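Good morning, and thank you for coming.

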Amino acid sequence: MDFLTISELFLMLCLVIYMFATLRIAARKTTGSALAGVAGFTIALAVVLTMVTSLTGVTFCRDIAFALIILSPVGTIAAATVLGGGEI
C-alpha cells in the first residue's frame, strides 16, 4: 500500500471516531445540541462514503453522499420550524 491509501484509511478511522462523538452530542437533552450532533454525523458520513467511492470504485456511495448533503439541511430546517411552533 502506498502512503495515500494509508492516509485515506487513517482519515476514515478518524471520521468514524468523530461520528461516535457526534452521536454522543446528539443524545443530549437540548434541541440545539441534537441538531448539531446530527448535522455533524451526516457530514462525516458523507465524507466517509465519498472516500469509499475513491478507494473501492463503488459509485453508488457517491450518490448516497450527495443525497445526504442535499437533504440534511432540509431536515434541519423542517425540524427547527416545527420546534419553533410553526408548521411545515
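Helices (H or I, at least four residues) and strands (E, at least two) are here DSSP runs, numbered from the N terminus. By that definition the protein has 3 helices and 0 strands, and its elements run α-α-α from the N terminus on.

Please note that this is a predicted model: local features need pLDDT of at least 70, side-chain atom pairs count only at pLDDT 80 or more, and totals for chains, interfaces and linings use all residues. Residues are numbered from 1 along each chain as its sequence is written, and side-chain values use heavy atoms, with hydrogens and water left out.

Let us consider the overall dimensions. The C-alpha atoms of the protein fill a box of roughly 55 × 25 × 10 Å, taken along the principal axes. The radius of gyration, taken over C-alpha atoms, is compared with a globule rule of 2.2 Å times the number of residues to the power 0.38. The protein has 15 Å, whereas a compact globule of 88 residues would have a value near 12 Å.

Next, burial. A residue is called buried under 20% relative accessible area, exposed over 50%, and partly exposed in between (1.4 Å probe, protein chains only). Of the 88 residues of the protein, 20% count as buried.

Helix α1 covers residues 3-26, which makes 24 residues. From first C-alpha to last, α1 reaches 34 Å, close to the 34 Å expected at 1.5 Å a residue; the expected span is 1.5 Å times one less than the number of residues. Its buried residues are E8, M12, L15, M19 and T22. Among the elements that cover these buried residues of α1 is α2, where contact means heavy atoms within 4.5 Å.

Helix α2 spans residues 31-56 and contains T42. T42 is buried, with a relative accessible area of 13%. Its side chain joins that of S72 in a polar contact of 3.2 Å. Such a contact is a pair of N or O atoms within 3.5 Å; within protein, one must be able to donate a hydrogen and the other to accept it, and residues adjacent in sequence count only if both atoms are side-chain atoms.

Finally, how many disulfides are there? With a disulfide taken as a pair of cysteine sulfur atoms within 2.5 Å, the count comes to 0. The sulfur of C14 lies 20 Å from the closest cysteine sulfur, in C61, and therefore too far for a bond. C14 counts as partly exposed at 32% relative accessibility, while C61 is buried at 8%.
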